[in-house]
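Dear colleague,

I am passing on the structure we spoke about, with some notes to read beside it. Please keep the sequence open as you go through them.

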Amino acid sequence: MEVRIRVTTNARGTACTELSPGVFSVSVSEKPIDGKANDAVCRVLAAYFETVPSAVRIIRGHRSPNKIARILL
């Protein structure tokens, strides 16, 4: 399954909200340095979809706040 996500980095907390079917807003407390925020996004999405973090991959938008992620359920 592929989902579109809008990421907010350096937030106070971690959250995942579904805005519409297949579109999510993800907030993470990590800064976008050395891919740490992307790793955090994968962990948050994995927790939301109740799967392991290795089943979540960002396939587009690695350096952008607008991303597309693939989730293997």
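This is a predicted model: local features need pLDDT of at least 70, side-chain atom pairs count only at pLDDT 80 or more; totals for chains, interfaces and linings use all residues.

Residues are numbered from 1 along each chain as its sequence is written, and side-chain values use heavy atoms, with hydrogens and water left out.

Strands β2 (residues 15–20) and β3 (residues 23–27) run antiparallel and are joined by five bridges; strands here are DSSP runs of E of at least two residues, numbered from the N terminus, and two strands pair if DSSP finds at least two bridges between them. Two residues separate β2 from β3 in this hairpin, and G22 in the turn has a positive phi of about 85 degrees. The bridge partner of C16 in β3 is V26.

F24 also lies in β3, and it counts as buried because its relative accessibility is 3%, where buried means under 20% relative accessible area with a 1.4 Å probe, protein chains only. Leaving aside residues up to four places away in sequence, F24 touches residues including V3, I5, C16, L19, Y48 and F49, a contact being heavy atoms within 4.5 Å.

K67, in strand β5 (residues 66–71), touches V3, I5 and I58, among others, with the residues up to four places away in sequence again not counted. A polar atom of the K67 side chain lies 2.7 Å from the backbone oxygen of S64.

Best regards

Technical notes
Helices (H or I, at least four residues) and strands (E, at least two) are DSSP runs, numbered from the N terminus. A polar contact is a pair of N or O atoms within 3.5 Å; within protein, one must be able to donate a hydrogen and the other to accept it, and residues adjacent in sequence count only if both atoms are side-chain atoms. Buried means under 20% relative accessible area, exposed over 50%, partly exposed in between (1.4 Å probe, protein chains only).
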